[in-house]
Amino acid sequence: MKFNVVSSFAAGILLASTICGAVYFTEDPVVTKAAPKPTKNEQKTVVQPTEAEMKDKLLTAGYIVQPKADYDKTIEATKKAASTASAASANNNSKKIVYRAVISVTQGMTSIDVGRMLEKAKIVPDDFKFSRDVEKKGVEKNLRPGTFTVDTEMTYDQVIATIFKK
């Protein structure tokens, strides 16, 4: 860059800041541009609809209107029905659900792959925990290729003994 260009640029900046400073310091700082407040006191009266008008509006809008006593009775009846339904379902849940799965183990699979298949079949709750338990027993290298039937009635050790040879 040439010296003339730089000095012209600096002179322009100096001139612009001088003008901005002059405007800033000479302007009245107390000037507010808010709208004036109205001087008239106007009273607004709101007409309340009657009870019948309110019910009609709600019914036409699709709402159900009922007295509080009826509402309380409905809530109590619902609570009683829910408690009897939960008691009936508790009696039905006393039977344990047993999941049975046929697992096909191929050459090259690892204990983690087997754990994922067992978790998908709901035989074990956590595939990572299953693979850690297999490693703790030291049988991760003894995975047998083949087809195995396992279910949730089997213990953890029985599942491992079925799929892994010792």
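Surface patches are made of residues with over 30% relative accessible area and no salt bridge, with like charges joined within 9 Å and nonpolar side chains (Val, Leu, Ile, Met, Phe, Trp, Tyr) joined within 5 Å. A salt bridge is a side-chain nitrogen of Lys or Arg within 4 Å of a carboxyl oxygen of Asp or Glu. Accessible areas come from the Shrake-Rupley method with a 1.4 Å probe, and for residues only the protein chains shown count as cover.

This is a predicted model: local features need pLDDT of at least 70, side-chain atom pairs count only at pLDDT 80 or more, and totals for chains, interfaces and linings use all residues. Residues are numbered from 1 along each chain as its sequence is written, and side-chain values use heavy atoms, leaving out hydrogens and water.

View 1. L58, L59, Y63 and V65 make a nonpolar patch of about 370 Å². L58 belongs to helix 2 (residues 51-60); helices are DSSP runs of H or I with at least four residues, numbered from the N terminus. L58 is partly exposed at 38% relative accessible area (buried is under 20%, exposed over 50%, partly exposed in between).

**View 2. Surroundings of G115.** G115, in helix 4, is buried, with a relative accessible area of 0%. Beyond its neighbours within four places in sequence, G115 contacts V124, D127 and F130 (heavy atoms within 4.5 Å).

**View 3. Surroundings of S131.** S131 sits in helix 5 (residues 127-137) and is buried at 3% relative accessibility. Not counting residues up to four places away in sequence, S131 touches S111 and I112.

Methods:
Helix = DSSP H or I, 4+ residues; strand = E, 2+ residues; numbered from the N terminus. Buried < 20%, exposed > 50% of the residue type's maximum accessible area, 1.4 Å probe, protein only.
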